[in-house]
Amino acid sequence: MQKFKSIAAALGLVVPLALAGTPACADDQLKLAIGQINNWENQAPTLGQDAGIFKKHGLVLENIGSQGAGETIQAVISGSADIGAGVGAAGIMRAFSKGAPVRILAPMFTGTGDLFWYVRSDSKIQSLKDTTPETTIAYSTNGSSSNNIVVAFVQELGAKAKPTATGGPPGTLTAVMSGQIDIGWAAPPFGLQEIKEGKIRIIARGSDVPSLRGQTARTLIVNANALKTKHDAIVRFMEAYREAVDWMYSDPKAVEMYSVKIKRPIELLKESMDKFQPKETMQTDKFEDLDGAIADAVKLKFLEKPLTKEQIAELLQIPPRKK
């Protein structure tokens with residue numbers, strides 16, 4: 001009997017020690033590459049993480065900014081990022097059609113009215129009709145939605161300007177103000193203060209291209225291998241992402257946090273949301289006007305031919321919204 005008690009006592013010591021030495025279940029980590037990371041429409045992963053939304057879903061995000069869709073796509077293709085944000089629909093279709101291991105995880109922004117093109121206030125250019133072959137017009141990187149729109153400006157609206165990759169809005173503004181680029185591009189709230197101060201003026205918006213107005217313009221993309229090996233975490237990412245978008249438009253604290261982050265007045269940011277980024281533009285449930293997007297990708301030479309039904313089924317991997 002004494003021997004049994006000794007064994008039991010020993011086990012009583014061993015078990016708690018073993019439990020103490022076992023780490024708590026760690027959060028899953030996902031790496032994100034985000035084009036134009038400081039734009040409002042790209043804030044769900046960053047503000048959402050700061051607000052604890054992704055933590056609630058058992059996730060820790062490593063958010064890294066890129067200069068645009070070209071860099072983002074390459075990061076996801078190489079596997080250095082699991083997910084990419086802010087990738088133009090035509091650009092991801094082109095990469096996928098060439099065999100790149102990428103898929104569309106969700107639509108991210110519908111329409112093109114948020115992007116605008118501008119000149120210095122003293123420029124003689126009043127509209128796209130005033131451009132010549134010597135005029136330079138900016139877009140971020142190849143495969144981006146700004147790239148798609150600029151190509152459409154040339155092919156559909158008759159602009160004669162030379163498309164030129166300039167990276168993000170801050171560098172583009174510097175290039176315009178120094179005279180290196182004639183027509184710059186921006187996404188609000190960037191540029192709105194300069195417009196109010198009379199330094200620049202808008203001459204075109206993405207919504208000027210009729211065929212692009214109702215389409216899903218930018219997407220969330222995912223590495224195909226990560227989608228298989230981290231499937232549960234990525235499904236939870238989409239649940240958290242959708243929750244973060246809802247929070248951004250319902251809680252004033254989100255705009256306050258964003259204001260501190262980018263050092264812009266709250267009222268300016270609210271104006272930007274109302275005019276350029278209403279909540280419906282950030283829906284993540286359905287790729288809007290898919291047929292039109294594919295047709296435009298062919299017309300604008302992002303695709304050699306339309307995607308087949310089988311390719312579309314493989315490309316679109318949009319998790320249904322949790323009810």
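Student: Where is T135 found?
Tutor: T135 sits in the loop between β5 (116-120) and β6 (136-139). Strands and helices here are DSSP runs, numbered from the N terminus (E, at least two residues, for strands; H or I, at least four, for helices). Keep in mind that this is a predicted model, where local features need pLDDT of at least 70, side-chain atom pairs count only at pLDDT 80 or more, and totals for chains, interfaces and linings use all residues. Numbering starts from 1 along each chain as its sequence is written, and side-chain values use heavy atoms, with hydrogens and water left out.

Student: Why does T135 count as buried?
Tutor: Buried means under 20% relative accessible area (exposed is over 50%, partly exposed in between; 1.4 Å probe, protein chains only). T135 has 6% relative accessibility, so T135 counts as buried.

Student: Which residues is T135 in contact with, leaving aside its neighbours within four places in sequence?
Tutor: I125, A161, K162, D182 and I183. Contact means heavy atoms within 4.5 Å.

Student: What makes α11 roughly perpendicular to α12?
Tutor: Start with the angle: the axes of α11 (residues 252-262) and α12 (residues 266-276) cross at roughly 115 degrees and come within 9 Å. That makes the pair roughly perpendicular. The classes go like this: under 35 degrees is roughly parallel, over 145 roughly antiparallel, 65 to 115 roughly perpendicular, and the rest oblique. Axes are lines fitted to C-alpha atoms, for helices over the stretch in contact, with angles from 0 to 180 degrees between N-to-C directions.

Student: Which residues meet there?
Tutor: From α11 you have V255, E256, Y258, S259 and I262, and from α12 there are I266, L269, K270 and M273. By class, that contact has six nonpolar, one polar and two charged residues. Nonpolar covers Ala, Val, Leu, Ile, Met, Phe, Trp, Tyr, Cys and Pro; charged covers Asp, Glu, Lys and Arg; the others, Gly among them, are polar.

Student: How do you know that the span of α10 is close to the expected one?
Tutor: The expected span is 1.5 Å times one less than the number of residues. α10 (residues 231-248) has 18 residues, for which 26 Å is expected, and it reaches 26 Å from first C-alpha to last.

Student: And α4, which of its residues are buried?
Tutor: In α4 (residues 69-78), they are A69, G70, T72, I73, A75 and V76. These pack against several elements, including β1 (28-35), α5 (89-97) and β10 (216-223). After α4 comes G79, with a positive phi near 90 degrees.
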